[in-house]
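Colleague: I have a structure open and would like to learn how to read it. Can we go feature by feature?

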Amino acid sequence: MSVGDIDTPSGEFDFAANLLPFDPLDPAFQADPYPFFRLVRETAPALCTQPGMWVVTGFRECSAVLRNPKFGHGDGRLVASQITHDAEGNVVRPFVFMDPPDHTRIRSLVTKAFSARMVERLRPTAERLVGELLAAAMSGPADEPVDLMAELAFALPSNLISELLGMPPQDKPLFEQWSSALGRGLDPDFMLSPEEMQRRDQARTEFDGYFAELARRRRAEPADDLVSALVAVEEDGRNLSMSELVSTCRLLLSAGYLSTAHLIGNGVNALLRHPEQFEWFRAHPDQVAGVVEELLRYDSPVQTAGMRTALQDTEIGDQPVSAGEGAMLLVGAANRDPAAFPDPDRLDVSRKPERNLGFGIGAHFCVGAPLARLTTQVALTALAGLRVELATDDAPRINNLVLRGFAELPVFLRAA
Ligand code: HEM
């Protein structure tokens with residue numbers, strides 16, 4: 001069997017003229033994309049799927065592109081749907097889609113404000129929230145399943161990120177409404193329906209208006225939150241402009257909320273399907289950091305670090321790539337590459353944690369990795385103290401190419 005033999009059942013859909021060598025809407029792909037990725041990687045770890053377009057599934061090849069400054073976002077052609085204009089006509093381009101020197105400047109301001117101290121300060125809040133959310137989830141009859149996504153996986157990061165940003169508690173429902181539209185809008189336009197694009201655009205406008213107003217209030221009266229820190233931060237006498245600040249807040253939400261929710265959901269699902277691995281974790285709670293890294297590798301909630309454009313002539317592995325060509329980086333596939341991870345399709349939470357690509361690598365390495373790790377570690381540690389069982393083998397999945405996860409994950413949850 002070769003890549004050309006992979007069936008694309010939804011024939012009416014053209015995947016941007018066959019950029020992808022598989023159908024991301026095929027239920028078999030959604031249930032388990034890894035055999036499809038293996039087939040593509042075995043054909044070529046960097047596969048030219050149409051003239052000037054590469055799909056990269058090898059670990060070494062993905063890492064090399066992500067670390068290579070000759071690849072970037074250039075004029076933004078491949079991420080055009082993520083670049084907008086504000087009411088004054090300024091270009092609003094979240095810094096994840098920028099190249100140096102703008103990317104370097106904004107990222108350095110953001111990492112100053114979004115400090116390790118600020119993340120660590122959220123730990124007691126995370127522990128309290130997990131306790132409250134699990135107690136509420138277990139308050140019903142023990143023989144009725146609860147939806148772990150709604151009760152914990154979505155609720156926890158949404159509360160933490162809105163708290164981090166400094167949103168007043170009464171505004172939190174707005175956060176959830178925007179973030180599901182923005183999360184769906186992470187996919188390229190060719191994966192979205194007109195209604196989904198319209199909801200994404202409306203969420204962007206409302207979110208940006210809300211955060212511009214919040215930033216003005218925090219400038220007048222600073223509080224102990226990330227928006228106040230982003231307003232205040234400066235380097236070489238330069239602050240973030242209002243459109244940089246607002247697009248950064250939007251990026252923190254859209255990059256951080258659903259990805260963390262799906263790491264928790266995918267992680268719990270993987271542990272429950274491998275009870276001996278869950279037992280090992282229960283017996284080694286101090287190894288939670290390594291457990292979370294293996295779950296991130298095994299079933300990455302962010303399956304692609306997106307697109308890059310060759311800014312000048314370069315190469316991927318030993319294949320020449322000309323300036324202007326594009327590459328889609330499937331980090332979820334790279335994390336199952338046997339050249340980087342022995343027996344990659346086996347979940348092994350005691351695996352010596354080698355660096356995987358779940359948080360990317362290089363200049364755009366995930367700014368929120370410490371928060372995502374903290375949130376997931378706290379959630380899994382609490383769950384390890386309970387009896388948890390899957391209530392179905394067929395939990396519904398989200399329909400998304402960038403993100404992989406569950407819409408619902410029904411489980412039975414009882415005190416140990
Ligand atoms: C399990 C959860 C998460 C995963 C799997 C994840 C994954 C990623 C990946 C793969 C990238 C690289 C994108 C690229 O190379 O273009 C990235 C970048 C980024 N992530 Fe995360 N992320 C997670 C959580 C978070 C959180 C909680 C936040 C913040 C609240 C966050 C904020 C960001 C930002 C701002 C960037 C852009 C960094 C840059 O361009 O310099 N992420 N993330």
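Modeller: Start with the metal. A donor here is an N, O or S atom within 2.8 Å of the metal. Keep in mind that this is a predicted model.

Colleague: Which protein residue is the donor to the iron atom of the ligand?

Modeller: Cys366, through its SG atom, 2.3 Å away. Cys366 is the single donor from the protein. Water is not among the atoms, so the site may look incomplete.

Colleague: Where in the fold does Cys366 lie?

Modeller: In a loop. Helix H16 (331-334) is on one side of that loop and helix H17 (369-384) on the other.

Colleague: Now the rings. How is an aromatic pair described?

Modeller: By two values: the distance of the centres and the angle of the planes. The search of the whole structure gives 14 aromatic pairs. Take Phe29 and Phe37. Their centres are 5.7 Å apart and their planes stand at 80 degrees, so this pair is edge-to-face. Over 60 degrees is the cut-off for that label.

Colleague: Are Phe29 and Phe37 buried or exposed?

Modeller: Both are buried. They also belong to a cluster: ring pairs link Phe22, Phe29, Tyr34, Phe36 and Phe37.

Colleague: What does a stacked pair look like in numbers?

Modeller: See Phe207 and Phe211. The distance is 4.3 Å centre to centre, with 25 degrees between the planes. Both residues sit in helix H11 (residues 194-220). They are 4 residues apart there, so about one helical turn separates them. Phe207 has a relative accessible area of 0% and is buried. Phe211 is also buried, at 0% relative accessibility.

Colleague: Which charged residues sit over rings?

Modeller: Here are two cases. Arg297 lies over the face of Phe341, 5.2 Å from the ring centre. Arg397 has its charged end over the ring of Phe406, at 4.2 Å from the centre.

Colleague: Last, a sheet. What is the strand order in the open sheet of 3 strands?

Modeller: Read it as S6-S12-S11, with antiparallel pairing. Strand S6 (146-147) and strand S11 (386-390) are at the edges. Each has a single partner strand, so one side of each lacks a neighbour in the sheet.

Colleague: How many bridges join S6 to S12?

Modeller: There are 2 bridges between S6 and strand S12 (residues 410-415). In one of them, Val146 has Val411 of S12 as its bridge partner.

Colleague: Which helix lies across S11 and S12?

Modeller: Helix H13 (residues 242-273). Helix H13 runs at about 90 degrees to S11.

Note on methods: Residues are numbered from 1 along each chain as its sequence is written. This is a predicted model: local features need pLDDT of at least 70, side-chain atom pairs count only at pLDDT 80 or more; totals for chains, interfaces and linings use all residues. Side-chain values use heavy atoms; hydrogens and water are left out. Rings of Phe, Tyr and Trp (its six-membered ring) pair if their centres lie within 6.5 Å; planes under 30 degrees apart count as stacked, over 60 as edge-to-face and the rest as tilted. Buried means under 20% relative accessible area, exposed over 50%, partly exposed in between (1.4 Å probe, protein chains only). A charge sits over a ring if NZ of Lys or CZ of Arg is within 6 Å of the ring centre and within 35 degrees of the ring normal. Two strands pair if DSSP finds at least two bridges between them. Contact means heavy atoms within 4.5 Å. Axes are lines fitted to C-alpha atoms, for helices over the stretch in contact, and angles run from 0 to 180 degrees between N-to-C directions. Donors are N, O and S atoms within 2.8 Å of the metal (3.2 Å for Na, K and Ca); water is not among the atoms, so sites may look incomplete.
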